[in-house]
Amino acid sequence: QQSKNKILLPMKVLVIGSGGREHAIVDALTRSPQVEKIYCAPGNAGIARQAECVDIRDTEVERLRDFARGEGIGLTVVGPEAALAAGIVDSFREAGLRIFGPTKAAARIESSKEFAKDLMARYGIPTAGYRAFTDYEAARAYVAARPFPAVLKYDGLAAGKGVVIAQTMEEADEALRQMLLDDKFGEGKVVVEDFLEGPEFSFMLLCFVSGRRVWPMVLSQDHKRAYDGDKGPNTGGMGAYTPLPFITADDERYAVERIMRPTAEAMVAEGCPFEGVLYGGLMKTADGIKVIEFNARFGDPETEVVLPRLKSDIVDIFCAVADGRDAQLEWDDRPALGIVLASKGYPGSYEKGHEIKRLDKVEGTVYHMGTKADGDRILTAGGRVLFVVGRGATLAEARAAALRDVARIECDNLFHRSDIGHWALDDKDL
């Protein structure tokens with residue numbers, strides 16, 4: 001069993017997942033002198049250049065546990081929400097293995113929208129008004145009697161695609177049919193929320209229960225719509241940037257002290273203390289900052305711009321959270337801005353297997369989100385394929401650097417947004 005309050009050096013680290021978030025975590029781990037070797041299950045073509053990829057899916061909990069035990073893994077870091085919802089943390093802890101992430105019970109703050117909304121209602125954490133439904137006709141009648149837009153959320157995990165902001169009754173009806181009649185994401189409920197207006201900003205923090213301690217990361221924001229000008233369908237995120245010049249120090253303080261810390265304390269009071277990354281998707285409205293949603297893990301693509309700014313040794317932080325000790329976070333002041341290169345057709349149907357060329361010409365950082373190797377060739381293997389990060393003294397410089405690198409990459413089936421960060425920058429900076 002791993003000894004508490006003691007980091008065994010050097011250590012082997014296992015990262016669970018296969019996307020850009022996991023690539024950013026692996027990349028940060030390579031900068032730690034405490035790491036002997038990195039494994040990633042299942043990984044991708046980009047991750048394979050920095051870690052040994054293991055052919056085990058992120059929800060194969062028992063196989064992952066047995067691998068970690070057999071290889072003498074000193075720390076496991078969980079990326080995707082599906083693994084958390086499957087109880088991977090509980091399984092690893094029962095086996096005496098150190099793992100970074102919340103238990104299955106605590107992960108309900110993401111895996112069940114109704115659990116999260118009920119928690120916020122009970123503990124007075126500011127969020128939009130809501131009602132949950134299992135019956136299609138009842139949900140439809142409720143939506144029809146209320147003003148539009150209507151916010152409809154599937155009560156469960158839906159790979160970032162379970163939220164619909166319906167502008168008309170026709171759109172709402174289609175979404176309700178898919179969620180409640182067609183079981184598009186599986187059987188479950190739908191949460192209907194009041195629509196909030198304002199610029200959403202993502203706020204990620206490390207949150208652990210011993211002493212109810214909360215450490216905020218730097219603020220970041222992602223862009224959900226597929227096309228420039230925030231047009232097109234919602235996606236898992238087409239780009240992100242940090243910092244956020246329009247969020248004040250008072251806003252940040254309010255978010256920590258009025259939302260994030262009370263949420264951590266509420267989880268303790270509910271008997272399911274949270275350890276790991278508690279991610280708050282927040283919105284600054286005319287009535288103050290409110291919670292849109294909570295995630296129980298690093299956001300994607302926010303992680304890919306936040307972790308490059310982390311100056312502290314990430315292994316120290318992961319182990320401190322897993323072991324219930326204090327942590328220190330130090331940040332680089334330079335902005336970071338990242339752009340997603342996605343397969344044409346995403347978030348709908350898209351082709352795979354298109355070759356990506358000239359990645360070696362990129363001057364900044366590229367995280368692989370959905371790629372696979374075919375010999376020496378790199379092929380597209382997902383909806384979101386690559387994430388190109390630019391750095392600079394200003395956000396404008398960071399965006400210019402990212403766009404230059406995007407232009408260096410060749411692939412006949414990728415598209416991207418050119419206006420990431422436009423909430424913080426004028427069009428003249430494009």
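In the predicted model, the N-terminal end of helix α7 is capped by Asp 135, one of whose side-chain oxygens lies 3.2 Å from the backbone nitrogen of Glu 137. Helix α7 itself spans residues 136-144, and its buried residues are Tyr 136, Ala 139, Tyr 142 and Val 143. Because these residues cover an arc of only 130 degrees around the axis, they are placed on the same side of α7. An α-helix has 3.6 residues a turn, so that residues three or four places apart point the same way. The partners against which the buried residues of α7 pack are the strands β6 (130-133), β7 (150-154) and β9 (190-193), together with helix α8 (169-181).

Helix α8 comprises 13 residues and reaches 17 Å from its first C-alpha to its last, which is close to the 18 Å expected at 1.5 Å a residue. Its buried residues are Met 169, Ala 172, Asp 173, Ala 175, Leu 176, Met 179 and Leu 180. When α8 is viewed down its axis, these buried residues fall within an arc of 165 degrees and therefore line one face of the helix. The elements covering them include α7 as well as β6, β7, β8 (163-166) and β9. Just after α8, a positive phi of about 50 degrees is adopted by Asp 183.

The largest nonpolar core contains 42 residues, of which Leu 29 and Phe 318 touch the most other members. Two or more residues are given to this core by each of the strands β1 (11-17), β2 (35-42), β4 (73-78), β18 (336-343) and β23 (384-391), and likewise by the helices α1 (20-30), α10 (303-306) and α11 (314-323). The largest share, six residues, is supplied by α11. When its neighbours within four places in sequence are left aside, Phe 318 is in contact with Ile 25, Leu 29, Leu 75, Val 77, Phe 100 and Phe 298. Apart from this core lies another, of 40 residues, whose members include Leu 14, Val 54, Ile 88 and Met 260.

The C-alpha atom of Ala 373 is separated by 31 Å from that of Asn 295, a residue 78 positions away along the chain.

Note on methods: Residues numbered from 1 in each chain as written. Predicted model: local features only at pLDDT ≥ 70, side-chain atom pairs only at ≥ 80, totals over all residues. Heavy atoms only, no water. Core = buried A, V, L, I, M, F, W, Y, C linked by side-chain atoms within 4.5 Å. Buried < 20%, exposed > 50% of the residue type's maximum accessible area, 1.4 Å probe, protein only. Helix = DSSP H or I, 4+ residues; strand = E, 2+ residues; numbered from the N terminus. Contact = heavy atoms within 4.5 Å. Arc of directions from axis to C-beta. Polar contact = N/O pair within 3.5 Å; in protein donor to acceptor, adjacent residues only side chain to side chain. Expected span 1.5 Å × (residues − 1).
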